[in-house]
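This report goes through a few local features of one protein model. The sequence and structure come first, and the notes follow.

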Amino acid sequence: MESARGTRPAGAAGAPASKRAKEGGRSRSRRLWRKGKAKASQLIRGMDLHTIIQSLVTLAEDNMAFFSSQGPGETARRLSGVFAGVQEQALGLEPALVRLLGVAHLFDLDAETPANGYRSLVHTARCCLAHLLHKSRYVATNRRSIFFRAGHNLAELEAYLAALTQLRALAYYAQRLLATNQPGGLFFEGDERLTADFLREYVTLHKGCFYGRCLGFQFTPAIRPFLQTISIGLVSFGEHYKRNETGLGVTASSLFTSGRFAIDPELRGAEFERIIQNLDVHFWKAFWNITEIEVLSSLASMASATVRVSRLLSLPPEALEMPLTADPKLTVTISPPVAHTGPGPVLVRLISCDLREGQDSEELTKLVKSEGPRSLELWPRPTQAPRSRCLVVHIHGGGFVAQTSKSHEPYLKSWAQELGAPILSIDYSLAPEAPFPRALEECFYAYCWAVKHCTLLGSTGERICLAGDSAGGNLCFTVSFRAAAYGVRVPDGIMAAYPATMLQSAASPSRLLSLMDPLLPLSVLSKCVSAYAGAETEDLSDPDQKALGMMGLMQRDTALLFRDLRLGASSWLNSFLELSGHKSRKTSVPVAEPMRRSVSEAALAQPEEQVGTESLKSLTLQDLSLKGSSEASEAAELSLSAETLGPSKPSDINFLLRPEDALEEDELVSPMDLSHGAGAAFPEGFLPRRSSQGPTRMPLYSSPIVKNPFMSPLLAPDSMLQSLPPVHIVACALDPMLDDSVMFARRLRALEQPVTLRVVEDLPHGFLSLAQLCRETRQAAALCVERISLVLSVPSTTASTKATLRRSLEHASVPSAQPT
């Protein structure tokens with residue numbers, strides 16, 4: 001092909017001039033087509049919703065009339081039918097979207113932050129309508145051309161029609177939530193049986209249409225090729241996993257050996273849907289850890305920023321004496337992690353752009369854990385940089401079940417370079433092998449160790465920021481809760497990127513986006529939360545599970561272990577808020593002695609008669625936000641009462657997990673199980689498409705442990721939320737967890753706590769791991785760095801200046817507008 005600058009000599013490629021001219025013409029045609037598409041997209045973005053739908057309906061009528069007159073051919077008949085379907089669904093969808101858009105502003109954090117699940121649903125439907133409008137125009141313009149590819153355009157139109165049909169169903173579901181939720185509330189708080197019925201109906205919807213040709217249509221175009229590559233790798237990995245190759249012989253090259261998935265989007269979508277519905281959490285743990293394969297991690301390391309220090313440290317399980325914030329003359333003992341597996345070391349990774357004082361000390365060198373040839377990136381320098389006044393403690397995401405600091409190292413190196421501060425990333429133990437509260441114990445212990453030994457990390461510790469993404473954001477909040485409960489220093493601020501604050505998975509409008517999200521499907525979310533909560537995994541009656549061989553046996557044995565340990569884990573939690581109770585009564589001296597034992601021992605030794613009888617289970621989010629500080633303090637002490645931790649009743653049904661006394665076999669969702677009111681949300685004559693993949697392997701019951709505020713920070717009482725430092729949240733408008741961020745920020749704002757919320761557009765959950773992929777992800781990652789900089793640069797304040805700080809932080813937050 002002729003070079004772009006036209007400097008290639010004629011005949012250099014050994015091709016005739018006519019062939020080169022032909023190829024050059026095709027290249028110019030492609031450029032013109034892309035330019036026209038971009039111009040059309042800009043024009044469509046400027047249209048309001050009604051104009052888009054009316055233009056689409058007009059074009060659909062014209063195309064339908066044209067293909068109806070083309071004779072009895074099968075392709076012409078199907079094209080005519082698909083445009084008739086587009087017209088019907090667009091007209092039926094408009095009233096629902098108009099209603100949602102009319103009330104969406106009532107659920108925003110404030111007028112400057114137009115973001116919530118209702119807006120996201122409308123925006124997603126608008127993206128689908130805009131694509132259909134662009135494709136309809138293309139068909140109307142080129143349908144008479146001899147180069148018109150009728151089959152290709154038909155397949156794409158049918159795929160987007162299926163997506164539009166399912167989006168119409170989601171709009172009706174959102175209307176149902178709108179009619180049931182409390183005013184201003186984004187999470188469903190109605191009758192539990194209605195919740196169960198809603199889930200039974202929702203999870204049977206067909207999802208494959210969103211994972212084929214329509215994959216990632218709602219995201220920025222630069223993300224879509226990456227998502228397509230990931231989807232091909234996922235279905236290929238699923239084939240290897242079924243043959244029991246996971247962890248034994250899987251290599252990076254073996255992930256993309258199934259070429260049929262690359263050339264057949266419909267087949268890929270169907271297989272993608274089967275995988276997300278039926279394969280267990282061990283599969284997702286293995287797939288998400290692919291980035292830690294030596295070849296891929298080495299490539300990522302070479303492409304990332306250069307730092308002087310990248311060391312994996314092993315913190316020994318030794319008790320720490322920490323000064324109390326209220327009276328530094330008194331100390332409290334921080335025990336090493338003990339939950340489930342007993343005392344054990346905690347792995348952390350120290351990353352620093354410069355070699356600073358203390359980072360090459362003999363004391364720190366003794367803690368270094370070997371990772372092989374790339375474990376130490378310590379370059380010799382004649383002099384050392386002085387200690388930074390700042391320190392960032394990072395907690396990675398991964399659904400509580402996957403990844404380590406190595407997966408997140410590329411963007412952490414960039415952070416270290418831009419912030420000029422050392423970063424300590426915590427490699428906490430992962431579920432299901434180490435369920436709650438092991439990860440929280442380890443993160444809290446590592447945080448306390450960092451505060452106590454910050455000089456070894458190259459920092460004076462004047463300003464400390466906790467930062468995390470997704471599950472790591474959840475742990476940032478809960479670590480701060482626990483620091484306040486113990487009376488030790490809390491961080492100076494928290495930066496949480498797309499955090500999970502509600503693990504008790506009540507329905508919300510943004511959760512509906514999980515139907516189409518390739519990175520966070522609802523069934524995968526449920527399996528991760530179930531594993532973290534220590535709930536029993538699915539039985540092995542399914543042939544796909546039995547075919548896993550050793551993995552299946554591991555799953556069974558792990559489930560039996562969790563069953564034995566769950567009672568101990570639940571009892572352990574009583575001590576958390578008991579510590580808060582001691583503190584609230586200002587008995588700081590006696591507090592230190594019980595803390596010298598492990599928290600689990602203290603909880604197990606506590607008589608049952610001392611446990612309260614009130615439960616957070618009966619409190620709604622509105623109740624919590626309206627309670628005074630004294631009432632909230634009592635709720636904090638009683639939130640883990642016998643009612644909450646004890647056996648659940650059948651009325652305790654919720655989305656994800658099972659209670660202690662549930663049936664031995666998981667209750668599976670099947671279209672045959674739909675209740676008599678299942679179709680009540682839909683108007684007469686409309687039925688969404690149902691999944692053909694069989695019953696969804698997802699429990700319908702709720703474990704009481706997910707109601708604990710140390711698992712679901714959104715359910716924390718006011719007194720716990722008031723103990724948090726300034727919070728900066730960076731969320732994604734198209735993230736199924738968007739409502740977690742909006743509602744958490746609303747609760748903090750209601751308590752006059754310093755909080756900012758920035759919402760980025762058109763990016764998926766987990767954009768930090770894609771920071772170098774495109775301009776949009778780089779900008780979003782830079783926003784996270786900006787939020788951390790606010791924490792590290794704001795001078796320490798007293799209670800008298802807290803209001804001034806809050807106003808300055810709010811003024812600094814100018815969120816991205818959410819297009820409608």
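## A serine in helix α26

The model is a predicted one. Helix α26 covers residues 738–750, and Ser 741 lies in it. With a relative accessible area of 1%, Ser 741 is buried, because anything under 20% counts as such.

Beyond its neighbours within four places in sequence, Ser 741 is in contact with Tyr 498, Pro 499, Ile 729, Ala 731 and Leu 757.

## Helices α4 and α5

Helix α4 spans residues 117–142 and helix α5 residues 150–180; the two pack with their axes 10 Å apart, at an angle of about 155°. Angles over 145 degrees count as roughly antiparallel, so α4 and α5 are roughly antiparallel to each other. The crossing in which α4 passes α5 is left-handed.

On the α4 side, the residues that make the contact include Tyr 118, Leu 121, Cys 128, His 131 and Lys 135. On the α5 side, Asn 153, Glu 156, Tyr 160, Leu 167 and Leu 178 are among them. The residues of this contact divide into 17 nonpolar, three polar and two charged.

## Cysteines

How many disulfides does a search of the whole structure find? The search finds zero. Cys 476, for example, is in no disulfide: the nearest cysteine sulfur belongs to Cys 465 and is 7.8 Å away, whereas a disulfide needs the two sulfur atoms within 2.5 Å.

Cys 476 counts as buried, at 0% relative accessibility. Cys 448 also counts as buried, with a relative accessibility of 0%.

Conventions: Residues are numbered from 1 along each chain as its sequence is written. This is a predicted model: local features need pLDDT of at least 70, side-chain atom pairs count only at pLDDT 80 or more; totals for chains, interfaces and linings use all residues. Side-chain values use heavy atoms; hydrogens and water are left out. Helices (H or I, at least four residues) and strands (E, at least two) are DSSP runs, numbered from the N terminus. Buried means under 20% relative accessible area, exposed over 50%, partly exposed in between (1.4 Å probe, protein chains only). Contact means heavy atoms within 4.5 Å. Axes are lines fitted to C-alpha atoms, for helices over the stretch in contact, and angles run from 0 to 180 degrees between N-to-C directions. Angles under 35 degrees count as roughly parallel, over 145 as roughly antiparallel, 65 to 115 as roughly perpendicular and the rest as oblique. A crossing is left-handed if the near helix is turned anticlockwise from the far one by less than a right angle, and right-handed if clockwise. Ala, Val, Leu, Ile, Met, Phe, Trp, Tyr, Cys and Pro count as nonpolar, Asp, Glu, Lys and Arg as charged, and the others, Gly among them, as polar.
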